[in-house]
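Dear colleague,

I am handing over the structure below, together with a short account of what was found in it. Please have it open while you read.

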Amino acid sequence: MKIENKIALVTGANRGIGKALVESLLQHGAEKVYAAARKLDSLPDFGDDRVVPVQLDINNSDEIVRVAAQITDVDLLLNNAGVAAFVSLVDGPTDLIARDMQTNYFGTLNVIRAFIPSLEKRPGSAIANIASIAAFVNFPMLGGYSASKAANFSMSQGLRIELAPRGISVHTINPGPIDTEMAKDLEMDKTTPAQAAANMLAGIEAGEADIFPDEGAQGMISVWKNDYRELEAMVAQMAEG
Ligand SMILES: NC(=O)c1ccc[n+]([C@@H]2O[C@H](COP(=O)([O-])OP(=O)(O)OC[C@H]3O[C@@H](n4cnc5c(N)ncnc54)[C@H](OP(=O)(O)O)[C@@H]3O)[C@@H](O)[C@H]2O)c1
């Protein structure tokens, strides 16, 4: 897909990677960008009248149905909104572990299901789901989050197969550490949101099914491709400090 003259919707567009995606879409010549956020007043002023603010909490089923009924011209649905609980699978609060799965998996799936009828009427339409490199290896301090992103990745694989005959392509985006609020406590080299967003859109334009938009993710996935247990061993070493 060429972004130029296309219409995109970005969830969680008020900050972090989502905000950078809106800015990058504008730079790529998008015709219109729906910037969705759960609170409209949290959206920055993008200074561009191609941006249309949309109120959307991806855990609110009524809101999802309402928004999908109103907005029927999206070519590219970018599912960016997500949460991360830095808690242990062994003894972390189960409500936080459930919240990660609810938002990153079920919430995202519900948005996709609501938009499929309009996406399939737009030739060459696409869905891009931001999973994580944590979909490929479980980081113990982010155990529930990693599981939710593995679920998000698996969902995308299934949707890719089911939606291909309906003319909708599906991309996964699997970042490593990106310098946002979510990753503020990670002591690792981080890519800027602007660079990550530009690489995500480059991957979509190149038709890559699975996109690794930063050096951290690219390094880890090459270890995984060689031997996924080797990546697990690396993460275990990191966890031991
Ligand atoms: N940063 C990283 O290192 C990294 C690495 C891999 C993957 N990712 C993924 O990249 C995506 C963006 O993360 P980020 O780093 O930009 O994190 P962030 O700065 O914490 O931003 C998260 C965004 O998601 C929104 N959001 C959370 N729950 C929502 C809901 N129920 N409905 C609608 N919006 C919701 C937030 O809105 P509010 O402002 O209202 O909370 C915010 O806009 C996430 O899916 C994350 O898992 C990030």
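Threonine 11 counts as buried, because its relative accessibility is 2% and buried means under 20% relative accessible area (1.4 Å probe, protein chains only). This residue is found in the loop between strand E1 (7-10) and helix H1, where helices (H or I, at least four residues) and strands (E, at least two) are DSSP runs numbered from the N terminus. Leaving aside neighbours within four places in sequence, threonine 11 is in contact with Ala36, Leu56, Ile58, Leu78, Asn79, Asn80 and Ala81, contact being heavy atoms within 4.5 Å.

Please bear in mind that this is a predicted model, in which local features need pLDDT of at least 70 and side-chain atom pairs count only at pLDDT 80 or more, while totals for chains, interfaces and linings use all residues. Residues are numbered from 1 along each chain as its sequence is written, and side-chain values use heavy atoms, with hydrogens and water left out.

Helix H5 (residues 193-205) has 13 residues and reaches 18 Å from its first C-alpha to its last, close to the 18 Å expected at 1.5 Å a residue, that span being 1.5 Å times one less than the number of residues. The buried residues of H5 are Pro193, Ala196, Ala197, Met200, Leu201, Gly203 and Ile204. They lie on the same side of H5, because they cover an arc of only 155 degrees around the axis, taken from the directions from the helix axis to the C-beta atoms. These buried residues pack against H1, strand E4 (76-79), strand E5 (126-130), strand E6 (169-173) and strand E7 (210-211). After H5 comes glycine 207, with a positive phi near 75 degrees.

A pocket is an open set of points, on a 1 Å grid over the protein atoms alone, where a 1.4 Å probe fits, with protein on both sides within 12 Å along at least five of seven lines; a cavity is a set from which the probe cannot get out, and lining residues have an atom within 4 Å of a point. Of the 48 residues that line the largest pocket, Gly82, Val83, Ala84, Thr180 and Met182 are the closest to its centre. Helix H1 (16-27), helix H3 (94-119) and helix H4 (143-163) each supply at least two residues of that lining.

The largest cavity has a volume of about 30 Å³, and its lining consists of Ile3, Lys6, Ile7, Ala8, Leu25, Ala30 and Leu76.

With best wishes

Methods: Buried < 20%, exposed > 50% of the residue type's maximum accessible area, 1.4 Å probe, protein only. Points joined across faces, edges and corners; volume = space filled by probe spheres on them.
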